[in-house]
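Subject: Structure for you to look at

Hello,

Here is the structure I promised to pass on to you, and below it I have set out what was found. Please read the notes with the structure open beside them.

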Amino acid sequence: MCKYGLVNRIIPFSCVDGPGNRSAVFFQGCEFRCAYCHNPETQNLCTSCGVCVSQCPTKALTMGDKGVLWNSELCCSCDQCLNVCPSHSSPKARWMSVDDIFQELQGALPFITGITISGGECTQYHQFAAKLFDRAHELGKTAFCDTNGQLPFREMPELTAVMDMAMLDVKAWNDERHRELTGKSNRIVLDNLNYLSEIGKLYEVRTVIVPGLLNNEETVEQVSRHLAHYPEIRYKLIKYRPWGVRPPLEVQPPSDQYMEQLRTLACENGANEVVLT
Amino acid sequence: MTENMEAKVKEIMEDPKLTYPQRLIELAKAAENLPDPVALSEEAQWFVDRDIVFDMGEGNAPYRPRYVVPDYDKFMKQGSKFLMLDPPKDIWDAVSNLLILYRFVPSVIAGPVYVGHIDRLLDPFVKDEEEARHAIRLFLTHIDRTISDSFCHANIGPYDTRAGRIILELSAEMQRPVPNMSMIYNEHTPDDFAKKAIGTGLITAKPSFVNDAMYTADWGSNYAIVSCYNALPVGGGGLTLGRLNLKKLADVTESPEQLLNDLLPRAVAAQCEQMDKRDTYILENSHFLENTFLTEEGLIQKDRFVGMFGLVGLAECVNQVLHLTDPKERYGHGKQAEEFALEILERIHSQVEAYKPKYGKFALHGQVGISTDLGVTPNTRVPVGEEPPLPEHLLITAKTQKHFAAGIGELFPFEETAKKNPQAVLDIIKGAFAEGMRYFSFYSSNSDVIRVTGYLVKRSDIEKYDAGEACIGNSTVLGSGASKGLHIFERSVRSV
């Protein structure tokens, strides 16, 4: 299925998904089940159960032969369908071709420096993504992957060759903690960290800071020690925020003071550029 | 003195919210309005009586050009015989000479609407960084506290200079609305300097970015951005600003054909007539140019003055004349609306360009609105609350700004997150300029200094003024009106 990708949504302008102004394409589907996932509706593919259809206040959803149909003209973006979905999916995801995506981005192209693919997990569509990036380059735009590193870049040579840079989540350094948080081991993630650093294709590493749930200090310290050898890679520490998280976590967002402490820790361990957000 | 006039003067004298200089201006305005307005033909008067054509309340007996744009570079080289000033030798001489000259530069506001390309003027005198910073701080403070009007405009760029950087840093630190500021931007402007300007802009709503390539094509390189965002020749300026209210024209229009073939050409002719007569009055009756050392010393000259043909309310005109109610079809969204809008602008442009006034020439200006406007959107903008998604908004704005050689501007509030990625804003500006946008203003939605329609105010000052306190800035008074009439605080904030 490399002619199409299942797209959850497209944001024409984003200033938080890599350098400059970028269009961000969010793909549907992810193997991680992070407890703090901010957009759980991107995790699974729709099972066509139809629960959302009856809940839609504007009748934008109907049941067709091949599953739930979404009429964007009628949609009021209330997100009720996402809230009632029993399987962390979205009836609004669309199978799109490279042409479809760039058709939708046409108005944005004069104003962006590149595109970033995200998710869900964008590498689930790595062959399609490679084609998408080829087109981006033809149009003079840069192409970035925002990934949680669940699939090995070593084994996705087409995507790795064509992408300009990746931004990689390192959610927890400790494998046990990573399994608790995401349901999967971090072995591939850490291998991606090494590999992408070595080949000079890592723009940024990100860690979400969640006091009381993760061993934040350990992760920040270890990632920083790694980044000490790669001063061109920046480290972004992201405050946990409760928006969109379902079910809600019984934790508080970290204080500014704690974030500053972690920044200091990262700098002491050799990270060259640390960004808080 | 008529009873009316006496009441008007008393009202000004007793207004507790006016500072002493503001009181002087208002009294002078009252006096200027004693004579009858410049006489117009019956046809032109018909449009004036319906507020379709408006002289911007400049005064019935204009005794100086609306905007005087002196050649400050020349002044720095030669000093001034009249003012008994030698050319400056150091940064202190430089700022002092300029501040003295500003007192003698008239315009429709009390002080100058243009204070020069200040980085270019001061950079040759930047020797010691700290001393220069001290001098420039005093310079900017002096302008803010004594000119006190956000229509006073400084230009910087396109080149990266030490003075330019100091000005940007101090502006971010001081967060004052005066002077308004524009960054002349072209292919020679380094990204690094542009990003510094964007960083400052997201803190204090200035500078705005100027598409130098477009304005150089109109005026040559010796032009300046003055007042809100007017573009005018240096060494001259703008004689008068007329304003065509397309919304009010739509009110008397019955069909699109009637508008394009009958009412619009007549209204344009009426405004040209009024501007021509008022311009002639300034040059022939009030003898301003013959009676100022600015002319004698070559800082301004007659043939560098032009008339500004302003317009507002394109959006309302299009929606009303085409009876557009569906949000997808209205101005800023629908194809038919866009085509009709561009046709209106083409017609106005060709008629104004073909008109030969007695003095100078006329150029189109996208007027920014006045504080009492209600339900009339400035220039060619999409009304607040109806803005399309940002990419489409940028494209329609660029398309409609094409003919406005005497300046036009649109402004975009960004979310706080943009501060961490000034390159994103620069990408948008570069794209917008490549698409033909002339002028790009932006601010961060949570800043205290914000842009009202073209000028800057401090939100905190408006709150004070509305609570009945006097304020140093004249523009606060206007901003208070605009915040209510034009819903400026409700403008769509852009997340990028």
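This is a predicted model: local features need pLDDT of at least 70, side-chain atom pairs count only at pLDDT 80 or more; totals for chains, interfaces and linings use all residues.

In chain B, Glu346(B) forms a salt bridge with Lys402(B), with the closest N and O atoms 4.0 Å apart. Glu346(B) belongs to helix α15 (residues 335-354) of chain B and Lys402(B) to the loop between α16 (390-400) and β12 (410-414) of chain B, so the pair ties together parts that are 56 residues apart in sequence. Glu346(B) is partly exposed, with a relative accessible area of 36%. Returning to chain A, salt bridges that share partners join Asp146(A) and Arg206(A) with Glu204(A), Arg234(A) and Lys236(A) into one network.

Over all chains, the structure holds 46 salt bridges, and one of them brings together the side chains of Asp79(A) and Lys92(A) at 3.7 Å, N to O. Because Asp79(A) lies in the loop between β4 (67-70) and α2 (80-84) of chain A, and Lys92(A) in the loop between α2 and β5 of chain A, this pair ties together parts that are 13 residues apart in sequence. Asp79(A) counts as partly exposed at 34% relative accessibility, whereas Lys92(A), at 13%, counts as buried.

In helix α3 (residues 98-105) of chain A, the buried residues are Val98(A), Ile101(A), Phe102(A) and Leu105(A); seen down the axis of α3(A), they fall within an arc of 90°, so they line one face of the helix. Their cover includes β1, β2 (22-27), β5 (94-96), β6 (114-118) and α4 (126-138) of chain A.

In helix α1 (residues 3-14) of chain B, Met5(B), Val9(B) and Ile12(B) are buried, and their directions fall within an arc of 60° seen down the axis, so they line one face of α1(B). These buried residues pack against α2 (20-32) of chain B, while on the other side of α1(B), Glu3(B), Asn4(B), Glu11(B) and Glu14(B) are exposed.

Best wishes

Notes:
Residues are numbered from 1 along each chain as its sequence is written. Chains are lettered from A and ligands numbered from 1 in the order in which they are written. Side-chain values use heavy atoms; hydrogens and water are left out. Helices (H or I, at least four residues) and strands (E, at least two) are DSSP runs, numbered from the N terminus. The expected span of a helix is 1.5 Å times one less than its number of residues. Buried means under 20% relative accessible area, exposed over 50%, partly exposed in between (1.4 Å probe, protein chains only). The arc is that of the directions from the helix axis to the C-beta atoms. Contact means heavy atoms within 4.5 Å.
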